[in-house]
Amino acid sequence: SPGLILVGARQAGSSHVCTLSVPILSANGLSIMGVPNNLSFHALAFSGENAYSGETRIGSVSVNAGNAKCFSTGDVYTIPGKCYGGGVRLTCEGGVWHNNFHLSGQGIRSRKWDKEEFCETGFALGFSRNGEVAGNVSIDRFARLTTSTNPVVGKISGVVSGGMLEIYQTKGAIRLLNDNTYTGGTYVVDSTLELGRGTSAGTGD
């Protein structure tokens with residue numbers, strides 16, 4: 001049967017990161033969901049070498065992927081939201097993820113202290129350590145990528161297809177290595193984008 005992990009707390013003005021390090025051996029797909037109207041940032045540190053089957057769906061939460069096999073072998077989907085979308089942060093130094101990623105949106109946007117405003121700090125896929133996505137990346141309309149530390153380089157060696165890609169406020173660099181086919185264009189905002197080939201930036205502007 002499908003697995004479900006709920007992450008979140010309703011305490012204002014602080015950050016909450018839950019940790020799950022024991023392996024998940026059996027599930028027919030896994031959903032990792034946060035509380036959409038949570039008053040604080042919430043994340044799951046996901047570091048087990050998991051063996052469940054099927055896809056992983058992530059919504060209203062940031063998943064810190066501390067093991068290149070934490071999503072087992074299935075595809076990974078980030079579910080967009082106006083303020084509380086799903087995001088993945090790759091935190092394993094030198095890790096290579098062979099999963100296919102289906103990215104959409106900009107993840108969780110940080111709430112300004114004691115205000116109803118949101119900062120533009122979220123991401124669908126982020127790198128906090130040097131790492132690589134070797135699986136293919138499909139963009140549903142729009143997806144934001146970033147690196148959170150310098151001099152981290154986040155590599156994507158699989159084929160990137162779909163819509164618009166935004167590289168946003170990288171402290172390190174995003175490196176696209178393949179002949180990519182996405183058509184929505186590439187927006188680079190206060191960031192470093194490295195292209196391995198002449199066709200790595202897709203077919204848009």
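## Reading a strand-only predicted model

Mentor: Start with the largest nonpolar core, which has 38 residues; Ile32, Phe46, Phe71, Val88, Phe101 and Leu125 touch the most other members. A nonpolar core is a set of buried Ala, Val, Leu, Ile, Met, Phe, Trp, Tyr and Cys residues joined through side-chain atoms within 4.5 Å. Buried means under 20% relative accessible area, exposed over 50%, and partly exposed in between (1.4 Å probe, protein chains only).

Trainee: Which strand gives the most to this core?

Mentor: Strand β13 does, with four residues. Now the ground rules. This is a predicted model: local features need pLDDT of at least 70, side-chain atom pairs count only at pLDDT 80 or more, and totals for chains, interfaces and linings use all residues. Residues are numbered from 1 along each chain as its sequence is written, and side-chain values use heavy atoms, with hydrogens and water left out.

Trainee: How many helices and strands are in the chain?

Mentor: Helices (H or I, at least four residues) and strands (E, at least two) are DSSP runs, numbered from the N terminus. Here there are zero helices and 18 strands.

Trainee: Which strands form the open sheet, and in what order?

Mentor: Two strands pair if DSSP finds at least two bridges between them. Five strands line up as β9-β12-β14-β16-β18, with parallel pairing. β9 (95-97) and β18 (193-195) stand at the edges with a single partner strand each, so one side of each has no neighbour in the sheet. The twist averages 20° from one strand to the next. Axes for this are lines fitted to C-alpha atoms, for helices over the stretch in contact, and angles run from 0 to 180 degrees between N-to-C directions.

Trainee: Where is there a bridge partner for Lys155?

Mentor: In β16: the partner is Arg175. Strands β14 (residues 153-156) and β16 (residues 173-176) pair in the parallel sense over four bridges.

Trainee: Is strand β10 largely enclosed or open, and why?

Mentor: Strand β10 (residues 101-105) is largely enclosed by the rest of the structure, because four of its five residues are buried. β10 pairs in the parallel sense with β7 (residues 76-79) over two bridges, and with β13 (residues 137-147) over four. Phe101 is the bridge partner of Val76 and stands opposite Val137.

Trainee: What is Tyr77 in contact with?

Mentor: Contact means heavy atoms within 4.5 Å. Leaving aside neighbours within four places in sequence, Tyr77 touches Glu55, Thr56, Arg57, Ile58 and His102. Tyr77 lies in strand β7 and is partly exposed at 21% relative accessibility. The C-alpha atoms of Tyr77 and His102 are separated by 4.7 Å, though the residues are 25 apart along the chain.

Trainee: How many disulfides does a search of the whole structure find?

Mentor: A disulfide is a pair of cysteine sulfur atoms within 2.5 Å. The search finds zero. Cys70 is in no disulfide; the nearest cysteine sulfur, that of Cys92, is 8.8 Å away. Cys70 is buried, with a relative accessible area of 0%, whereas Cys92 is partly exposed at 22%.
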